[in-house]
Amino acid sequence: MSERDVFEYALLRVVPRVERGECFNAGVVVYCRARSFVAARTHLDLAKLKALDPDADVTGVRAALHAVEGVCRGGADAGQAGGDDAGRRFRWLIAPRSTVVQPGPVHTGLTLDPEAEVERLLDLLVR
């Protein structure tokens, strides 16, 4: 049996009207230090978004979710965080913020394949 590695993850929540505090899951960020791996996958449920705020800025929410995916990929397109290592990018993404897209608490687990874990958690907790 191959050795499993510790990973951390946080859900990305959409909070269309911050003052009301209502939210729904729209993505997941996974970090595995042992493999220098960080990735995010998102899925925006428009029906949920419109149910919580019929006037929500769909384009803005999508842009914020895609920005998280971009920071995980790193590189020049990720802005200032793009040159940081995977752990620093993960910590930056999970820092508390009061915006429409917010990270949830960090959870941990063990995995043989962090990339597969991202998809599994997206299917289990978001879609």
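Which residue takes a positive phi in the hairpin of strand 2 and strand 3? That's Ser-36, with a phi near 50°, and the hairpin has four residues between its strands. Keep in mind that you're looking at a predicted model, where local features need pLDDT of at least 70, side-chain atom pairs count only at pLDDT 80 or more, and totals for chains, interfaces and linings use all residues. Residues are numbered from 1 along each chain as its sequence is written, and side-chain values use heavy atoms, with hydrogens and water left out.

**Confidence**
- The chain has a mean pLDDT (the predictor's confidence in each residue, from 0 to 100) of 93, and 99% of its residues reach 70 or more.

**The hairpin strands**
- Strand 2 and strand 3 pair (DSSP finds at least two bridges between them) in the antiparallel sense, over six bridges.
- Across that pairing, Tyr-31 stands opposite Val-38 in strand 3.
- Strand 3 (residues 37-42) is mostly covered, with five of its six residues buried (under 20% relative accessible area, 1.4 Å probe, protein chains only).

**Around the largest pocket**
- Its lining takes in 15 residues, and Ala-64, Val-68, Arg-97, Thr-99 and Val-101 lie nearest the centre (lining residues have an atom within 4 Å of a pocket point, and a pocket is an open set of points on a 1 Å grid with protein on both sides within 12 Å along at least five of seven lines).
- Helix 2 gives the most to this lining, with six residues.

Key: Buried means under 20% relative accessible area, exposed over 50%, partly exposed in between (1.4 Å probe, protein chains only). On a 1 Å grid over the protein atoms alone, a cavity is a set of points where a 1.4 Å probe fits but cannot get out, and a pocket is an open set with protein on both sides within 12 Å along at least five of seven lines; lining residues have an atom within 4 Å of a point.
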